[in-house]
Amino acid sequence: MAKIKGNIVVDIERCKGCELCMAECPTGTIAMSKEVNHKGYSYAYAARPDLCIGCANCAIVCPDGVITVYKIKI
Amino acid sequence: MNDTNQMNDIIKPGNIVYKRTDLMTDDILHYCPGCGHSTVHRIIAEIIDEEGIQSETIGISPVGCSVYLYNYIDIDCQEAAHGRAPALATAIKRLMPDKYVFTYQGDGDLAAIGTAETIHACNRGENILIVFINNGIYGMTGGQMAPTTIPGMKSSTSPYGRDVEMMGNLIKMTDIVATLPGTYFVTRQSVHSAVNVRRTKKAIRKAFHYQKLKKGTCFVEVVSNCPSNWKMTPVESNKWMEENMFPYYPLGDLKDPEKQQEK
């Protein structure tokens, strides 16, 4: 069976750290950073990209549209 | 090492599943973190982009938090006086019947100062789309009680919760306009989770489609959150909304003639 792998890229400077993507992620890929961006928000990042399935739920729920989602079949 | 290479292989333009639409401008949205307004802006921009109607769409921005709509979506926009967006949309649509016209209004704009305009535009059956963002509070001015504030909800002008005996009942604009013969498609959606965002997008796309067919007024209410004025985190506010707002504002289509035909 083909395995689906995904990954996300977060536009760090636009992220406002609302954590909605983290709550919506079904696999626990996303975590919030300990560092902050230039606005002072802690931003989302792919802490466990190996778990990502590219479902794009995080990007769809993200108010600011900062997440770009990639997906391939292996 | 292999894993890292594999991860880098995934990030290629050909593998994009979802990316921010180019119709959104590069301005950083001024909304608070987690605000539903940003999501609805993005949904509308995505639909206009996907349908390829950028040059044919005119948006009407309201007074309220979403007043800067015209800075964020790269389409023609007109700013209306407080609450008068449906009246302005009526004029634009009548002058340019081939354009897609939508208004984007919050609950202070649509349900308080603009009640008359909204009801009469819907009753006349103007061929426009009204997007109504309902977060049960006046967001921009500092969290005062709105007509849509639910009983018991705390706001800066009802610090002990809305007392129905003294402050009256909440107004359900969507239910009111659904009873009017001029409206064609009336629905209530939300944007608190991925599945609801998808449903809202589907509803707004449908509304644009009905407008093309000149069916009548389409009214899409989006029950939204206001984390700053509800004094909660975005995730908490979404949960609170699910538990407390949805009993008063149940989601679903209130009026969709084509759906009834399908049955």
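Strands β2(B) and β4(B) run parallel and are joined by four bridges, where two strands count as paired if DSSP finds at least two bridges between them, and helices (H or I, at least four residues) and strands (E, at least two) are DSSP runs numbered from the N terminus. Within this pair, B:I58 stands opposite B:V101 in β4(B). This is a predicted model, in which local features need pLDDT of at least 70 and side-chain atom pairs count only at pLDDT 80 or more, while totals for chains, interfaces and linings use all residues. Residues are numbered from 1 along each chain as its sequence is written, and chains are lettered from A and ligands numbered from 1 in the order in which they are written.

The two strands belong to an open sheet of seven strands in chain B, ordered β3-β2-β4-β5-β9-β8-β10, with mixed pairing. Its edge strands are β3 and β10 (252–255) of chain B, each of which pairs on one side only. On average, neighbouring strands of this sheet are turned by 20° against each other, direction ignored; axes here are lines fitted to C-alpha atoms, for helices over the stretch in contact, and angles run from 0 to 180 degrees between N-to-C directions.

Further along the sheet, β9(B) is joined to β5(B) by six bridges, the two running parallel, and B:I130 stands opposite B:F219 in β9(B). With β8(B), strand β9(B) pairs in the parallel sense over seven bridges, and there B:R188 stands opposite B:E221. How many residues of β9(B) are buried? Seven of its seven residues are, a residue being buried if 20 or more other C-beta atoms lie within 10 Å of its own, exposed if 12 or fewer and partly exposed in between, with C-beta atoms placed from the backbone. In a regular strand the side chains alternate between the two faces of the sheet. In β9(B), B:T217, B:F219, B:E221 and B:V223 point one way, B:C218, B:V220 and B:V222 point the other way, and all are buried.

Helix α4(B) lies across β2, β3, β4 and β5 of chain B and runs at about 175° to β4(B). The buried residues of α4 (residues 85–95) of chain B are B:A85, B:P86, B:L88, B:A89, B:T90 and B:K93, and the elements they pack against include α5 (107–113) and α6 (115–124) of chain B. The axes of α4(B) and α6(B) are 7 Å apart and pack at an angle of about 40°.

The loop between β8 and α9 of chain B holds B:H192, which counts as buried because it has 27 C-beta neighbours inside 10 Å. Leaving aside its neighbours within four places in sequence, B:H192 is in contact with B:N225, B:N238, B:M241 and B:E242. The C-alpha atoms of B:H192 and B:V40, 152 residues apart along the chain, are separated by 11 Å.

B:V40 is also among the contacts of B:V131, which, with neighbours within four places in sequence left aside, include B:F102, B:Y104, B:I204 and B:V220. Among the 85 residues in the largest nonpolar core, those that touch the most other members are A:C21, A:C58, A:I67, B:V131, B:F132 and B:V220, such a core being a set of buried Ala, Val, Leu, Ile, Met, Phe, Trp, Tyr and Cys residues joined through C-beta atoms within 7 Å.

Finally, the two chains meet in a contact that takes 26 residues from chain B and 29 residues from chain A. On the side of chain B that touches chain A, α1 (2–10), β1 (16–18), α2 (36–51), α9 (194–212) and α11 (234–245) of chain B each supply at least two residues. Strand β4 (residues 67–73) of chain A is joined to β1(B) by two bridges, and these strands run antiparallel; A:Y70 stands opposite B:I16 in β1(B).

Notes:
Contact = placed C-beta atoms within 7 Å.
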